[in-house]
Amino acid sequence: GPCTECSCSSGKEPDKDSSHTKKKENGDRLCVPKIFFGTRTHKQITQISRELKRTAYSCVPMTILSSREYTCIHPVVSNSSNRNEMCVELLEAKHGKSCSYYHGVHKLSEHHALQPVPQAWDIEDLVSLGRRLRACPYFAARELMVGADIVFCPYNYLLDPQIRDSMDIKLKDQVVILDEAHNIEDCARESVSYGVTESQLRAAREELDFMVNNSIRQEHHEPLRAVCCSLI
């Protein structure tokens, strides 16, 4: 029979309640958990969304979280090696210019929400629609997360606390599925690891030398300088 908590096979329109809650018979609020589906690569998300289309749950509200590398459509930013920094600069209008694609996000996010029976889609579908509507797929995907029943994303979006915070992902009381979970160890190591070159260490040591020699917060800078020296 039809599901009782979502609109997947009942043919009903998705629940518009942005808080993602439903009322119990006694009037209390029942929180309906989201499903966070983590995969190793973006390519695997495309494969999974293709399989989702073939199931009875193909109309469930969903979204795909991915990096600007896959979803930025700004003609200048998308061809830059510093997409994140350039995007932030445009959003803050540092040089007197802003991103027109960002201001059109609602056209894209509402486009999927207003369809009577939305079908499962992948990143390419979202980007293609974003180009047509001149609206940012990256931020539209994040907006769609509010009303989504299932959220697809790479592992590090769930494992890395900095990415979780920046994407406003709350995992408490939610359902988390990790595809091919034997790869989790490597991803977890990468999330808490950082690569640095010897030249960077030497440059950092020189700056710390300057701080210490000029008596600027020596109690903090001396231990850092010692770490740089030991690594060098």
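Which residue's backbone oxygen lies 2.9 Å from a polar atom of the side chain of threonine 71? In this predicted model, that backbone oxygen belongs to serine 67, and the distance to the polar side-chain atom of threonine 71 is 2.9 Å.

Threonine 71 is part of helix 2, which spans residues 68–71. With a relative accessible area of 1%, threonine 71 counts as buried, because the cut-off for that class is under 20%. Leaving aside residues up to four places away in sequence, threonine 71 touches Ser66, Ile123, Val127, Pro137 and Tyr138.

**Strand 3 and its partners**

Strand 3, made up of residues 35–39, is mostly covered, with 4 of its 5 residues buried. Strand 3 is joined to two other strands, and the pairing can be described for each in turn. With strand 5 (residues 150–154) strand 3 runs parallel, and 5 bridges join the two; within this pairing, isoleucine 35 has isoleucine 150 as its bridge partner. With strand 6 (residues 175–178) strand 3 also runs parallel, here through 4 bridges, and phenylalanine 37 has isoleucine 177 of strand 6 as its bridge partner.

**The nonpolar core**

The largest nonpolar core comprises 41 residues, and those with the most contacts inside it are Met62, Ile64, Leu65, Phe152 and Ile169. Helix 7, covering residues 137–144, gives the most to this core, contributing 5 residues. Methionine 62, one of the residues with the most contacts inside the core, touches Leu52, Ala120, Trp121, Leu144, Ala148, Ile150 and Phe152 when residues up to four places away in sequence are not counted.

**Salt bridges**

The structure holds 8 salt bridges, including the following.

| Residue pair | N to O distance |
|---|---|
| Arginine 189 and glutamate 185 | 3.7 Å |
| Glutamate 198 and arginine 202 | 2.7 Å |
| Aspartate 209 and arginine 225 | 3.0 Å |

Arginine 189 and glutamate 185 both lie in helix 10 (residues 184–191), and because they are 4 residues apart there, about one helical turn separates them. Glutamate 185 is exposed, with a relative accessible area of 54%, whereas arginine 189 counts as partly exposed at 48% relative accessibility. The pair also belongs to a network of salt bridges in which Glu185, Asp186 and Arg189 are linked.

Glutamate 198 and arginine 202 lie in helix 11 (residues 198–213), where a spacing of 4 residues likewise corresponds to a separation of about one helical turn. Glutamate 198 is partly exposed, its relative accessible area being 46%, and arginine 202 is partly exposed at 34% relative accessibility.

How values were computed
Residues numbered from 1 in each chain as written. Predicted model: local features only at pLDDT ≥ 70, side-chain atom pairs only at ≥ 80, totals over all residues. Heavy atoms only, no water. Buried < 20%, exposed > 50% of the residue type's maximum accessible area, 1.4 Å probe, protein only. Pairing = 2+ DSSP bridges. Polar contact = N/O pair within 3.5 Å; in protein donor to acceptor, adjacent residues only side chain to side chain. Contact = heavy atoms within 4.5 Å. Salt bridge = Lys/Arg side-chain N within 4 Å of Asp/Glu carboxyl O. Core = buried A, V, L, I, M, F, W, Y, C linked by side-chain atoms within 4.5 Å.
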